[in-house]
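Got a model open and wondering what the labels on it really rest on? Let's go through them one at a time.

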Amino acid sequence: MRSKISKILTLLLAAAIFTTACGDNSKQPDSTSDATYDTESDTNVQTEIDSLEKLGVHDFGGAEYVILASGTGYGNQPANDFEISVDTLNGEVVNDAVYERERKIEERYNVKIEKELMALKEPTATIIRNVTAGDMEYSLVSDQVSTISTAVTAGCLANYYDFSEIDLTAPWWNQNATESLTINGKCYLQMNYINVASPLATHCMFYNKRVAEDYDVSGIYKLVLDGKWTMDKFFELSSNVLADLNGDSLYDDNDMYGFMGSLGAIGIVQYAFDNDFIEISNDGAVSHKLMNERMQKTVEMAYKLCFESDFAYARPIAEEAKLATLYCNGQSLFYAGFFFDMLSTLRDMEDDFGLLPYPKLDEAQDKYYTTIHGAAPLIGIPGLVENKEMVGVVTEALAIESYNNVRPALVDLTIRNKLLRDDESSQIYDLFLDGIRVETAFVYKSTKDLVECIYRMMNSNTSNLASYIDSKMPAAVASYQTIIDHFYE
């Protein structure tokens, strides 16, 4: 699956659909455990907020603002330059929006924006080495979620709140990421449109419209939009879809199912059902929040889907690419995959399909939730920079111009007009973005036992939550405590 993500990134040059979402919140949120993307303003992405004026007039004398980012993805596949910075116009809407963003800022502040691309994970390692050695070569670093947090615990990234020019309460900064990733008044990592390659590797679901018609399944969009797309309704609609297509009395890759998904994709119900992960007290003490009735119901639902439902074809993570192909062949009503599947396997799918969020646990749940994959990038400012004022001004300007100009190119001109196949999917897309969770425990994970609890239990064919917690959580909580202690030093 990792090599698949990097291959999909190369397709962005033609389709360009990475997007994040921003909203509004408080200056320095209290320590927290959960957050979601706020995309209220994405329903009118053409509205421009012209706020460069607030930064004042500056002439930085041709200073270099150097962005360090991954130039290769998983499996040594190339990433696209426009994910972070571009040097030339080429007629592609997102590429050109990024180009215009940078030329405007360069001219306005007399700076030169440069980029340096390295292999995946190397930006983080380089920043740690440079800051430790006292070097001040870079102004911004971008790397995958699962890697860049180590630069925080190494003490090698700066606190965003230490830059007076940066206003994390503004809509061009992701407010829900800010809320989740601000601990004890410190925020070292962010997600916004500066790097356009953030939540494409996001978990979602699809449904096949032809299969739905064949099996007399209707009203799926209405269920979602009415807030009634629940796990019970999912089981009800899926349970009658099962067919031995080749007549061999064996249910395998050659047959029809109500649902297809990997054990990893099914494990995302831990996020989709709005479960809490960790809690951080005012004095920095960490505790887990897994042992409760909601989490027990989540485990039971996941186990039922994986092991007690004939209509479900639940397979190991290693078979995710194959499952996407089977779904593209029209062999399932529902499929749990990734947003990027629409760019790759599903791009040429003959059957029409619709975008869906994961179901709610029940109708009492406030909204639909999902999460990003560990390959999604976060951005941080190195702990040592040569010109702090310049870095603050240019970083804020990049955030503003990305929000005003790159975001519309991504959302309206590309995703809505080129990718989604019907008006209802566009409405679903707004719900989908509104529920993308950025978990403190996920970003700063030193162990996967907590954030991948459901997946690991399903992979071990067990539903005994109490036993799992007793065996895994003491070490997991101790590990998180070591990480959170860095925020209270």
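What follows is a run of questions and answers about this predicted model.

Q: Why is Y313 called buried?
A: Buried means under 20% relative accessible area. Y313 has 8% relative accessibility, so it counts as buried. You'll find Y313 in strand β11, residues 312–315.

Q: What does Y313 touch, leaving out residues up to four places away in sequence?
A: Its partners are Y251, D252, D253, Y257, F259, M260, G261, L323 and L326. Take F259 from that list: Y313 and F259 sit 54 residues apart in sequence, yet their C-alpha atoms are 6.1 Å apart in space.

Q: How do you know that E165 has no salt bridge?
A: Look for the nearest side chain of opposite charge: that is K388, 7.0 Å away.

Q: Where is E165, and what is it in contact with beyond four places in sequence?
A: E165 lies in the loop between α4 (145–153) and α5 (175–181). Its contacts there are K54, L55, K388, E389, G392, V393 and E396.

Q: Which residues touch the most other members of the largest nonpolar core?
A: Those are F234, F259 and F334, in a core of 164 residues. Helix α13 (residues 388–419) gives the most to this core, with 15 residues.

Q: Which residues of helix α8 are buried, and what covers them?
A: In α8 (residues 231–238), the buried ones are M231, F234, F235, L237 and S238. Their cover includes β6 (203–208), α7 (220–225), β8 (256–262), α11 (293–307) and β12 (332–338).

Q: What makes up the chain as a whole?
A: The chain has 17 helices and 16 strands. Of its 489 residues, 62% are buried. Among contacts with a separation of 6 or more, 80% join residues 24 or more positions apart. The accessible surface comes to about 17,900 Å², and carbon and sulfur atoms hold 44% of that.

Key:
Residues numbered from 1 in each chain as written. Predicted model: local features only at pLDDT ≥ 70, side-chain atom pairs only at ≥ 80, totals over all residues. Heavy atoms only, no water. Core = buried A, V, L, I, M, F, W, Y, C linked by side-chain atoms within 4.5 Å. Buried < 20%, exposed > 50% of the residue type's maximum accessible area, 1.4 Å probe, protein only. Helix = DSSP H or I, 4+ residues; strand = E, 2+ residues; numbered from the N terminus. Contact = heavy atoms within 4.5 Å. Lys, Arg positive; Asp, Glu negative; His and termini not counted. Salt bridge = Lys/Arg side-chain N within 4 Å of Asp/Glu carboxyl O. Areas by Shrake-Rupley, 256 points an atom, 1.4 Å probe, with all protein chains shown as cover.
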